[in-house]
Amino acid sequence: VSICPEIEAKLQADAGFEVISIPDRNVIGAFAQHFKEIAGQRPTPIALNYSDTFGGLDTLGAGNYRKITQAISRQYFFPVPPEAFTSADRLIIDAASAKLPFEIELLREAALLTYRVLDAGFRQLKAGMTEKDAAAVFHQLAEEEMGKNKAIGYSWKKEYNPILLTGEGIAGSPHAAPSDRVIVPGSTVYVDFGLSMHRYGGDLQHFGYVLKRDETKAPSEVQQMYGLLVNSIEAGMRAAVPGVPGWVVDTASRRIITDAGYPSYKHGTGHQLGAGNTHAPGAAFTLQYAQDGKEVPEACLEIRKGFVMTIEPRMQVANGASIEVDGVITDTGFELLAPLQ
């Protein structure tokens with residue numbers, strides 16, 4: 001139900017709301033009166049869109065919070081009992097995070113397109129290129145696709161898309177722009193890249209190895225990293241069933257990497273995907289506790305059927321590696337939207 005000024009009534013009705021229109025823009029008093037008619041006698045708790053946990057959902061504002069709670073309280077109760085109002089943040093997160101079938105298909109298209117461009121771009125990389133040179137390869141391929149289809153775009157800002165690192169750079173921040181560092185034989189190359197379809201963004205990571213002159217295949221330690229990443233992703237996929245908190249998936253994936261003797265990577269194992277934002281607020285696959293010992297809210301939210309998320313373990317060392325996959329949570333677990341590298 002939309003309680004709104006008369007000037008907004010037609011727009012709200014066209015959007016599918018049952019409309020209660022009021023003569024001016026001061027809706028809060030009228031809201032409280034009509035709220036009682038709609039909600040009945042003393043519903044508790046009443047969920048409002050404020051949050052002290054998720055900043056992106058803290059949209060009501062302190063002044064409006066006071067006005068609304070006071071107005072509703074006059075209809076129901078004085079003084080206001082502490083249990084009368086609660087945050088709607090988890091309700092909003094659940095509603096926004098569970099994707100509709102058409103959204104899942106757009107995210108699948110974006111992931112498959114991103115995969116194809118990654119695969120084609122890696123075939124053009126060679127020793128002697130800088131990270132910036134290599135990033136330009138992916139830009140050229142991406143913009144050829146954009147020329148064919150106006151619905152295609154970058155999933156995040158072009159100057160950081162792709163994130164492309166080699167050698168020592170892989171041990172640092174995974175959110176660094178490509179630099180003048182030169183790709184040399186015997187080094188790994190890591191690419192984090194995303195293309196969107198109607199603003200629904202794909203987000204994949206692949207890695208490769210530059211052969212030395214006398215090599216015909218990557219050395220055993222690089223092949224071992226690939227195998228560990230695959231095992232880590234598969235462990236996370238098995239753990240990602242509806243109802244588990246995000247930290248359970250993070251633990252399953254991260255343990256494969258740390259048990260093999262690699263350091264714990266300095267980021268979560270996965271995040272939400274959606275429209276216009278590849279790191280939307282909500283459930284995340286990350287550590288249960290922060291460094292100060294407090295629970296991480298995103299890690300403690302339960303994942304649900306229809307959430308579209310990434311899994312992205314990493315060897316965060318010089319000449320390290322990372323693979324990222326996109327997938328949707330189903331009744332039985334994590335379904336890939338594009339093939340594993």
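This is a predicted model: local features need pLDDT of at least 70, side-chain atom pairs count only at pLDDT 80 or more; totals for chains, interfaces and linings use all residues.
**Cores**

The largest nonpolar core holds 36 residues. Leu125, Phe138, Val191, Phe193 and Leu195 touch the most other members. At least two residues each come from α5 (101–122), α6 (131–148), β5 (152–154), β7 (188–193) and β8 (195–197). The largest share, ten residues, is supplied by α5. Beyond its neighbours within four places in sequence, Leu125 contacts Ala134, Val137, Phe138 and Val189. A second, separate core has 35 residues, including Phe54, Tyr265, Met309 and Phe334.

**Helix α6**

Helix α6 has 18 residues, which should span 26 Å at 1.5 Å a residue. Its end C-alpha atoms lie 27 Å apart, in agreement. Buried residues of α6 include Ala134, Val137, Phe138, Leu141 and Met146. Glu131 and His139 are buried too. The cover over the buried residues of α6 includes α5, β5, β6 (163–166), β7 and β8.

**Sheet and crossing helices**

Three strands make an open antiparallel sheet, ordered β6-β7-β10. β6 and β10 (204–209) are the edges; each has a single partner strand, so one side of each lacks a neighbour in the sheet. Neighbouring strands are turned by 15° against each other on average, ignoring direction. Four bridges join β6 and β7. Thr166 sits opposite Val189 in β7.

Two helices lie across β7 and β10, as tabulated.

| Helix | Lies across | Angle to β10 |
|---|---|---|
| α5 | β7 and β10 | about 15° |
| α7 (residues 220–239) | β7 and β10 | about 160° |

Notes: Residues are numbered from 1 along each chain as its sequence is written. Side-chain values use heavy atoms; hydrogens and water are left out. A nonpolar core is a set of buried Ala, Val, Leu, Ile, Met, Phe, Trp, Tyr and Cys residues joined through side-chain atoms within 4.5 Å. Buried means under 20% relative accessible area, exposed over 50%, partly exposed in between (1.4 Å probe, protein chains only). Contact means heavy atoms within 4.5 Å. The expected span of a helix is 1.5 Å times one less than its number of residues. Two strands pair if DSSP finds at least two bridges between them. Axes are lines fitted to C-alpha atoms, for helices over the stretch in contact, and angles run from 0 to 180 degrees between N-to-C directions.
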